[in-house]
Amino acid sequence: MYKDYAGIVKAWEATVRKTQNSAKKRANSIFAAMSVAPADDEPGPGELHHTEKAIPNGDFYTGQWMDSTPHGHGKYLWTDGCMYVGEWYKGKTIGKGKFSWPSGATYEGDFKSGYMDGKGTYTGSSGDTYRGCWVMNLRHGQGTQNYANGDYYEGEWRRGCQDGQGRYQWKNENHYVGQWRSGKMSGNGSMVWNDGNRYDGCWEEGFPKGDGTFRWADGSSYVGVWSKDSTELTGNFYPSDTSGTEMSSNPRELLGEYLNDCVICSGERILIYPSQKMISWSGLDLDSLPRQTVSRKGSDGIRRLRRTSVDGKISNASFESFNDSSNEPSSRNGKGTRLLDLDSKGKRQPTCGFQSANRQGVTISKGHKNYELMLNLQLGIRHSVGRPAPATSLDLKSSAFDPKEKVWTKFPPEGSKHTPPHQSSDFRWKDYCPVVFRTLRKLFEVDPADYMLSICGNDALRELSSPGKSGSFFYLTHDDRYMIKTMRKAEVKVLLRMLPAYYKHVRSFENTLVTKFYGLHCVRVTGTAQKKVRFVIMGNLFCSEYTIHRRFDLKGSSLGRITDKPEAEIDGTTTLKDLDLNYIFRLQKIWFQEFCRQVDKDCDFLEQERIMDYSLLVGLHFQETSYQEASTPESHHSGSRDSDCETDCLSRADKEQDSARWASISLGINMPARVERTVRHGEPETQLVGEPTGELHDVIIFFGIIDILQDYDISKKLEHAYKSFQYDPSSISAVDPKQYSKRFRDFIFRIFLEDT
């Protein structure tokens with residue numbers, strides 16, 4: 001089979017060389033125009049036909065074609081020996097297909113926007129085989145892996161690693177059945193050896209940790225607490241009725257010897273993914289002059305398209321620059337709508353009808369009315385987080401959640417035994433439940449040093465331009481990682497009341513969508529004013545490398561749920577509401593199922609805590625036309641060693657960036673998805689969700705549940721009673737928590753759908 005494949009590649013290479021040589025004779029340019037059939041024979045717009053195209057960079061395509069892009073069934077051959085055969089949609093590999101690497105490795109199955117995505121089978125050159133679900137080139141979902149060394153795994157995967165419930169069997173017939181996390185045995189599970197011995201119990205990072213039982217084949221057992229640390233190891237040995245012997249060695253060492261033979265195979269690594277091989281067809285007129293619409297000019301004036309080869313290096317395919325006087329790239333869709341522009345520095349800027357958003361907030365500098373408050377806040381945080389504290393377990397005592405558990409600290413300007421001198425006024429600082437919030441930061445994997453640098457570093461905070469509806473003010477850290485919100489006393493009481501349940505919930509559900517709280521504090525300025533400012537520190541949902549082009553605050557109610565800004569003033573920082581919503585959100589199957597489960601869990605928690613008036617905050621980044629932009633060296637000698645070194649470094653950087661980006665994807669964060677535009681055919685109040693139009697956009701989506709500190713108190717009950725006389729009670733935000741939860745879920749599950 002491989003010989004046949006090699007023969008095909010050689011024949012194709014000969015055809016490409018012949019085509020390129022002929023092209024060079026026909027013109028003096030780097031790449032000459034291909035012969036064009038008479039206008040009468042050319043297919044019209046939207047007409048599907050068969051074609052063969054020699055791409056200017058040396059690649060070759062044969063198959064169905066429509067509107068200047070592959071569309072239908074076709075074959076694409078790369079100069080490095082990679083090949084794709086399968087379905088295309090408007091220039092992207094979407095549907096069933098097969099991708100082959102020159103090493104002999106193949107993937108056959110579903111593709112989506114260039115990614116291995118859906119169900120498919122990867123067969124490695126060494127003999128590894130994976131059959132199952134994929135998401136964005138990574139094993140994700142249910143799948144089976146047969147390793148070249150004879151090992152076997154069947155179960156759940158997440159982001160390319162075993163994660164969830166699964167069974168791993170070694171070639172010597174030892175096997176483990178249980179829970180996994182990030183490719184290691186973690187959680188409850190059972191290991192059975194081929195000699196009849198077995199361990200049943202808890203695991204952590206591939207080693208028994210916690211309660212467990214080791215049983216020997218003769219019936220003897222050791223029951224106790226297991227750990228790598230011998231000081232934590234406790235338990236009892238129970239000999240069988242037949243053996244009558246005592247345990248001869250340390251159980252931890254004995255189990256360690258058994259586990260030495262149970263190494264998890266890493267499997268064959270995919271060096272380059274099909275999505276990294278895709279080029280942009282946008283603006284490439286292969287029926288006349290070949291050109292690339294959006295790229296950076298090299299020192300020779302030629303625009304270059306960068307694409308990665310199978311060995312990880314970058315190949316620069318040169319295209320003739322445009323002959324227009326403006327020298328402006330033309331990237332338009334079939335309807336003539338501009339999709340992207342370049343800014344003054346040559347960077348890509350999406351337009352898509354959206355205004356670019358400026359950075360939110362006003363920097364709090366000296367002279368600002370809240371400058372001293374910011375200094376007090378930073379001094380207090382530095383003191384609280386930097387204060388020495390014993391290591392805490394995630395299992396907290398109930399006393400840690402006592403609302404009376406708080407610490408007051410005086411901050412005189414001249415300093416004290418525990419506080420530094422400062423230039424602000426005299427103030428007192430209060431920490432609410434410090435042990436709980438320190439443990440929450442640990443649970444959310446927040447590094448204390450990074451936390452302090454973000455909030456208390458040399459950079460000032462930024463105050464958002466207008467307070468929220470509740471009268472609270474919001475501040476952002478310089479790196480956008482954390483948001484600080486001033487709070488009313490009633491909100492502080494609600495948070496302290498629900499803190500035990502909140503801690504239990506976020507610990508139980510790693511992918512919870514509810515707001516992450518990192519600290520609860522109070523500043524009291526001494527003197528005649530005796531002013532108190534309470535505030536909570538939260539995670540910023542939109543802290544990302546992606547620009548947020550649209551953001552929505554969604555509750556599922558209609559009364560007053562529309563933005564009063566003129567359309568011309570709406571940009572990426574404008575928070576739109578339910579009646580402004582003109583999209584439905586389509587999530588991939590695996591993410592959609594997890595999303596539905598988590599929304600139900602989170603709403604159950606909020607309902608039990610008598611919380612209402614919360615929202616789903618949604619942010620959308622509309623992806624630009626997919627392409628890669630070359631950074632060519634300043635030197636004219638593109639084949640020099642310096643140039644090779646630079647392209648290698650760029651390739652490694654790209655791979656590391658891609659890996660980091662994929663690793664950063666989680667429920668509600670950096671998620672690839674699609675949105676479909678909707679329209680309303682009547683009054684918005686009577687049609688909360690519009691009709692789908694079929695107009696789809698690829699996006700990166702962010703979402704989370706915010707404003708979870710409003711309980712159904714007497715003021716909300718009165719608000720509901722008063723407004724019910726004037727408006728439809730179902731349209732009012734202020735309703736009973738049970739009714740609110742049901743309405744919220746019903747609405748969310750109407751606007752979030754599975755992408756089919």
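Trainee: Which residues in α7 meet which residues in α8?

Mentor: This is a predicted model, so local features need pLDDT of at least 70 and side-chain atom pairs count only at pLDDT 80 or more, while totals for chains, interfaces and linings use all residues. Residues are numbered from 1 along each chain as its sequence is written, and side-chain values use heavy atoms, without hydrogens or water. An α-helix has 3.6 residues a turn, so residues three or four places apart point the same way. In contact terms (heavy atoms within 4.5 Å), the α7 side brings Met498, Ala501, Tyr502 and His505, and these meet Gln598, Lys601, Asp602 and Phe605.

Trainee: At what angle do α7 and α8 pack?

Mentor: Helices here are DSSP runs (H or I, at least four residues) and strands likewise (E, at least two), numbered from the N terminus. Helix α7 covers residues 489–508 and α8 covers 589–608, and their axes are 11 Å apart at an angle of about 165 degrees. That makes the pair roughly antiparallel (angles over 145 degrees; under 35 is roughly parallel, 65 to 115 roughly perpendicular, the rest oblique). So, on the number you wanted, α7 and α8 pack at about 165 degrees.

Trainee: Which residues of helix α5 are buried?

Mentor: α5 runs over residues 434–443, and what covers its buried residues includes α4, β23, β24, α6, α7 and β28. Buried means under 20% relative accessible area, exposed over 50%, and partly exposed in between (1.4 Å probe, protein chains only). On that scale the buried ones in α5 are Pro434, Val436, Phe437, Thr439, Leu440 and Arg441.

Trainee: And just after α5, which residue takes a positive phi?

Mentor: Most residues other than glycine have a negative phi, and most peptide bonds are trans. Just after α5 there is a residue with a phi of about 60 degrees, and that's glutamate 445.

Trainee: Is asparagine 670 buried or exposed?

Mentor: Asparagine 670 sits in the loop between α9 (641–663) and β34. Phi there is near 55 degrees, a positive value in a residue that isn't glycine. With a relative accessibility of 12%, asparagine 670 counts as buried.

Trainee: Where does aspartate 707 lie?

Mentor: Aspartate 707 also has a positive phi, about 55 degrees, though it is not a glycine. Its relative accessible area is 36%, so it is partly exposed. Look for aspartate 707 in the loop between β35 and α10.

Trainee: Which backbone oxygen does the side chain of threonine 693 reach?

Mentor: Threonine 693 lies in strand β35 (residues 691–706) and is partly exposed, at 41% relative accessible area. Leaving aside neighbours within four places in sequence, it is in contact with Glu676, Arg677, Thr678 and Val679. A polar atom of its side chain lies 3.3 Å from the backbone nitrogen of glutamate 695. At 2.8 Å, the backbone oxygen reached by that side chain belongs to arginine 677.

Trainee: How far apart in space are threonine 693 and arginine 677, C-alpha to C-alpha?

Mentor: In sequence, threonine 693 and arginine 677 are 16 residues apart. In space, C-alpha to C-alpha, the two are separated by 5.9 Å.

Trainee: Which backbone nitrogen does the side chain of threonine 678 reach?

Mentor: Threonine 678 is in strand β34 (residues 671–679) and is buried, at 7% relative accessible area. Beyond neighbours within four places, its contacts include Leu581, Asn582, Ile584, Gly690 and Thr693. At 3.5 Å, the side chain of threonine 678 reaches the backbone nitrogen of tyrosine 583.

Conventions. Axes fitted to C-alpha atoms, helices over the stretch in contact; angles between N-to-C directions. Polar contact = N/O pair within 3.5 Å; in protein donor to acceptor, adjacent residues only side chain to side chain.
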